[in-house]
Amino acid sequence: MPLDRYYIEGFLERHANDIQGRVAEIGDNVYTLRFGLDRVVRSDIIDSPESTNPHATMRIDLQNEDAVEGGCLDCIIVTQTLHMIYEVRGALATIHRALAPGGVVLATVPGITSIDAHDGPEKWFWAMTQTAAQRLFEERFGSSAVEVQQFGNVLAATAFLQGLAFEEIDRASLDVVDPLYPVITAIRATKS
């Protein structure tokens, strides 16, 4: 398992109770089904309008707030996506609009990482620090509705850049958090 997935999956597991009702996930619904279990009433898969993803149930441009029905989702899982959206504020407005009152977005963004060879540098717009994530989400959700956490340390960042897998590193070493070497930043935001 890639090291960043260890942090992403741990974050989602800790917030599994938020994954309930009508849930949408970007690209597929693996985490919805894995962590939402029988709490999920309906599972949607969000992809772009030009995507060829045959499983997508919501084809929307996240940068266009009007592209989504308001108040229809109880939870949105957005892992490792926001850094590939140029108009990130527009994407957060769309996510906020799609959530029902009390709905939760669980999002992650990369910290120290290489650019994914599959997506390429032309699709990678941002690197987001904990402070940037906090401010961006607070602009839309309000300061009392946003929790931001960093995961990683110099060992994890170095191992991740070298391509080592989770299984090759001592778990206790991975669980140490050093704010100077974030591998993943995770955000939980609730719509009031």
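## A colleague's note on this predicted model

1. Serine 192 sits in the segment after strand 7. Its C-alpha atom and that of glutamine 80, 112 residues apart along the chain, are separated by 24 Å.

2. A word on the ground rules. This is a predicted model, where local features need pLDDT of at least 70 and side-chain atom pairs count only at pLDDT 80 or more, while totals for chains, interfaces and linings use all residues. Residues are numbered from 1 along each chain as its sequence is written, and side-chain values use heavy atoms, with hydrogens and water left out.

3. Now to the sheet. Seven strands form an open sheet in the order 3-2-1-4-5-7-6, with mixed pairing. Here strands (E, at least two residues) and helices (H or I, at least four) are DSSP runs numbered from the N terminus, and two strands pair if DSSP finds at least two bridges between them. Strand 3 (58-59) and strand 6 (146-151) stand at the edges, each with a single partner strand, so one side of each is left without a neighbour in the sheet.

4. Strand 5 is worth a visit. The chain gets from strand 4 to strand 5 through helix 3 (residues 88-98), in a right-handed β-α-β crossover (with the strands pointing away from the viewer, the path from the first strand over the helix to the second runs clockwise). Strand 7 (residues 184-190) runs antiparallel to strand 5, with seven bridges joining them, and leucine 106 stands opposite arginine 188 of strand 7.

5. Which elements do the buried residues of helix 3 pack against? They pack against strand 4, strand 5 and helix 4 (130-141). Helix 3 is mostly covered, with nine of its 11 residues buried; among them are Val88, Leu92, Ile95 and His96.

6. The search of the whole structure finds one cavity of 30 Å³ or more, and the volume of the largest cavity is about 30 Å³. On a 1 Å grid over the protein atoms alone, a cavity is a set of points where a 1.4 Å probe fits but cannot get out, whereas a pocket is an open set with protein on both sides within 12 Å along at least five of seven lines; lining residues have an atom within 4 Å of a point. Grid points are joined across faces, edges and corners, and a volume is the space filled by probe spheres set on the points. Residues lining the largest cavity include Ile46, Leu73, Ile76, Thr94 and Ala98. Helix 3 gives the most to this lining, with three residues. By class, the lining has eight nonpolar residues, one polar and no charged (Ala, Val, Leu, Ile, Met, Phe, Trp, Tyr, Cys and Pro count as nonpolar, Asp, Glu, Lys and Arg as charged, and the others, Gly among them, as polar).

7. The pockets come next. The largest pocket has a volume of about 1200 Å³. Its lining has 36 residues, of which Ile26, Gln80, Thr81, Met84 and Asp119 lie nearest the centre. They divide into 16 nonpolar, 10 polar and 10 charged. Helix 1 (3-14), strand 1, helix 2 (30-36) and strand 2 each supply at least two residues of this lining.

8. The second largest pocket holds about 240 Å³ of space. Of its 16 lining residues, Tyr6, Glu9, Gly10, Arg14 and Arg171 are the closest to its centre. Helix 1 gives the most to the lining, with six residues.

9. Finally, look at valine 40, in strand 2. Is valine 40 buried or exposed? At 17% relative accessibility, valine 40 counts as buried. Strand 1 (residues 21-26) and strand 2 (residues 40-47) are parallel partners over six bridges, and valine 40 is the bridge partner of glycine 21. The C-alpha atoms of valine 40 and glycine 21 are separated by 4.7 Å. Leaving aside residues up to four places away in sequence, valine 40 touches Ile19, Gln20, Gly21, Val23 and Thr32, where contact means heavy atoms within 4.5 Å.

Notes: Buried means under 20% relative accessible area, exposed over 50%, partly exposed in between (1.4 Å probe, protein chains only).
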